[in-house]
Every structure is written in C-alpha cells, then in structure tokens.
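Biologist: Please walk me through this model, one feature at a time.

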Amino acid sequence: QVQLVESGGGLVQPGGSLRLSCVASGRIVSIDDMGWYRQAYGKQRELVAGITKGGITNYADSVKGRFTISRDNAKNMIYLQMNSLKPEDAAVYFCNAALKSTWYDSAMRYWGKGTPVTVSS
C-alpha cells in the first residue's frame, strides 16, 4: 500500500508563514512528478505548485513569488514553504504524486488526505 501523508497545516495570521510537508511511503520504486493542490470550501481543487523528479517547478499565478515547492528524493518528500499568506490561501492542502509500485507498472497518481490551512487574524 502506498500512503501520502501531509503535515504542517494550521492557523496563521495574514502575512505569516507555514511550511507543509508530505511524505510518500509504502511499496514505491519510483516517484515522478509531485505537487500540492488545495481546495477551499465550496470551490474546486486547484494546483498550487508542482515539481518534477528533476526539480523543475511550476506554480499557480496566485502564489508565484510567495510559495516555494521543494523536494527530497532520498526521503520521498516534498515541501511547500508558504510566505506572505493571505486569507484567500485558506484551504485544505493536498499532496499528490505520480509513482510506481513496481518497475513493470505504469505510474499511478496518489493523494494524501490533506492538511488544513487557515489564514485569519
């Protein structure tokens, strides 16, 4: 079984910072791209930031310059450093990964259960 587990969410004031972490565990032989998504109440889930195995990143326009995604391939982890947080950043943040459980399988996408981020004074 493969699991993605997020951590680091919480309550922060506007202008504050949080660092999210996600670790992938279980039967994994290879992880391709990974990313962070978020879903605010009543809205669709959206991509926040993605990172390839080689470290190429992409960001939603709304977070460029404020959020930084990074990856530790040795630990099967990704991080999301979130600075200058705004009330509109409040959402449940989900980790996503495309990975293989055996070398013969095609990559499949897995989701974590999410970690909530609240931005409020």
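This is a predicted model: local features need pLDDT of at least 70, side-chain atom pairs count only at pLDDT 80 or more; totals for chains, interfaces and linings use all residues.

Biologist: When do two strands pair, and how many bridges join β7 to β8?

Modeller: Strands are DSSP runs (E, at least two residues), numbered from the N terminus. Two of them pair if DSSP finds at least two bridges between them. Here, six bridges join β7 to β8 (residues 77-82), and the two run antiparallel.

Biologist: In what order do the strands of the open sheet lie?

Modeller: The order is β1-β3-β8-β7, four strands with antiparallel pairing. β1 (2-7) and β7 (67-72) are the edges; each has a single partner strand, so one side of each lacks a neighbour in the sheet. Neighbouring strands are turned by 15° against each other on average, direction ignored. The axes behind that angle are lines fitted to C-alpha atoms, and angles in general run from 0 to 180 degrees between N-to-C directions.

Biologist: How should I read a nonpolar core?

Modeller: In soluble globular proteins, nonpolar side chains tend to be buried together. A core is a set of buried Ala, Val, Leu, Ile, Met, Phe, Trp, Tyr and Cys residues joined through side-chain atoms within 4.5 Å. The largest one here has 29 residues, and W36, V48, F67, L80, M82 and Y93 have the most contacts inside it. Elements giving two or more residues include β1, β4 and β11 (115-119). β9 gives the most, with five residues. F67 touches V48, L80, M82 and Y93, among others, not counting residues up to four places away in sequence.

Biologist: And how many aromatic pairs are there?

Modeller: A pair of aromatic rings is described by the distance of the centres and the angle of the planes. Rings of Phe, Tyr and Trp (its six-membered ring) pair if their centres lie within 6.5 Å; planes under 30 degrees apart are stacked, over 60 edge-to-face, the rest tilted. The count is two. Y37 and W111 have ring centres 4.9 Å apart and planes at 65°, so they are edge-to-face. They sit 74 residues apart, Y37 in β4 (residues 30-39) and W111 in β10 (residues 108-111). F94 and W111 have centres 6.5 Å apart and planes at 85°, so this pair is edge-to-face too. Y37, F94 and W111 form one aromatic cluster.

Biologist: Which rings does the charged end of R45 sit over?

Modeller: The rule asks for NZ of Lys or CZ of Arg within 6 Å of the ring centre and within 35 degrees of the ring normal. R45 sits over the ring of F94, 3.7 Å from its centre. R45 also sits over the ring of W111, 4.6 Å from its centre.

Technical notes: Residues are numbered from 1 along each chain as its sequence is written. Side-chain values use heavy atoms; hydrogens and water are left out. Buried means under 20% relative accessible area, exposed over 50%, partly exposed in between (1.4 Å probe, protein chains only). Contact means heavy atoms within 4.5 Å.
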